[in-house]
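Dear colleague,

I am passing this structure on to you, and below it you will find my notes on what turned up in it.

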Amino acid sequence: MKKVLLAGAAMGALMAGAAQAQVQQPGFFGSIDGLMALKSNSGGTASFDITNGARKATPGTGFGAEGQIGYRFDGTAWDVAIGGRFMDFRRGDAQPAGVSTTTVTDAKLWNVDGVVGYTISGPGYGVRPFVGVRYQRSTADILHQPAGPFASETKVWGIGPRIGVDGSLRLMETVSLFGGIDTSFLFGKARSNPNAALAGIGGNSGNTGRMVWDIGGKIGLDWEVAPLFHIAAGYRVEWIDGNMFTYAATDLFVSQSPRGRSGQLVHGPFVRLAYNWGAPPSGPMAPKPPAATGKKSYIVFFDFDRAVITPTAVNTIKQAAADAKAGKSTRIDVTGHADKSGGDAYNMALSLRRANGVKDQLVREGIPANQIAVVGRGESMPLVQTADGVREPQNRRVEIVLN
């Protein structure tokens, strides 16, 4: 008779976050994800085909965690990262037929990833294709009861290439929509040890070469709660093909090599904490440039890749507004700037967002909007000369000039 074993059902675990959806800024970055996989009665169910009927079983709800640490090189779009994941599945629901039942008593998965990514960024968006390698190992124990009870442990392990792409789109100043898709092809071994462990009877083992592949996608929302500190949540769907196989058996205790294959659909939510450790804090206030024409000028500074006005900047803008009212200024020039980290087009848009943010604050302080002229200069007019790709706090600024 024929016996079907669940080999690597945990391989259908959520893979949210192995390559992060946030497009990384230069410097060190890291994240940790909380994962959940919901039970799915898809075509990936496994069964024992025995004399009095088929018994089907799937792994139950799974929980786990995934972490990553990496580094994006200053002045380039390249980054490298390593990560790992562990999932533990609870006992699945047994589906009885006749007087016996079959259930998954234990299913676990862990993997290690290494990837190289390349970030393509523009005004309000970022795309990060990546390539890498994955090693993955899974185990699943199947218990056939009460007739026996008989148990069987199945293991699948493999290594192979992994490719994918992540992207993000800024919806608001600190909120982004992100998504991604990835796939892996793993070459390795599948092995089973069928036995009647509880009865003290050992069984033969089957061992065969095996290739499994998976494809998954994710989507979610990211909130930057503090400069470069992110909280995110989303949903992941993944299809694992070939993660289950069939054994031909003469009885419950003697099996041959695996044959046949089927797949598993796994899906569920995830949450994430992430931080881009490499970005330095805002630097000291730069000295005001000399006012050769006698015009009053003010400078406010910004955090890396941010257009949010800090409390210190608010005080400077309030002073500029008060002086404009006292001096009866008829026009205020507001010019935004960025440092040289990032592309020209992105920095131009960022400098304009900073300038418009200052304008909005001036309006809140009572300055008519039609008296404020806004312009963005991108990275073209730095206070401090640097090489391309260098983050310089004094170049992340907006200049206010009263006329």
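The side chains of Asp33 and Arg272 form a salt bridge, 3.0 Å from N to O, the term meaning a side-chain nitrogen of Lys or Arg within 4 Å of a carboxyl oxygen of Asp or Glu. This pair links distant parts of the chain, with Asp33 in strand 2 (residues 27–37) and Arg272 in strand 15 (residues 254–275), 239 residues apart; strands here are DSSP runs of E of at least two residues, and helices runs of H or I of at least four, numbered from the N terminus. Both residues are buried, that is, under 20% relative accessible area, where over 50% is exposed and in between is partly exposed (1.4 Å probe, protein chains only).

Please bear in mind that this is a predicted model, in which local features need pLDDT of at least 70 and side-chain atom pairs count only at pLDDT 80 or more, while totals for chains, interfaces and linings use all residues. Residues are numbered from 1 along each chain as its sequence is written, and side-chain values use heavy atoms, with hydrogens and water left out.

The whole structure holds 11 salt bridges. Another of them joins Arg134 and Asp113 at 2.6 Å, N to O, and connects strand 10 (residues 125–145) with strand 8, across 21 residues. Arg134 is buried, with a relative accessible area of 0%, and Asp113 is buried at 4%.

As for strand 16 (residues 297–301), five of its five residues are buried, so the strand is largely enclosed by the rest of the structure. Ser297, Ile299 and Phe301 point one way from strand 16, whereas Tyr298 and Val300 point the other way.

With best wishes
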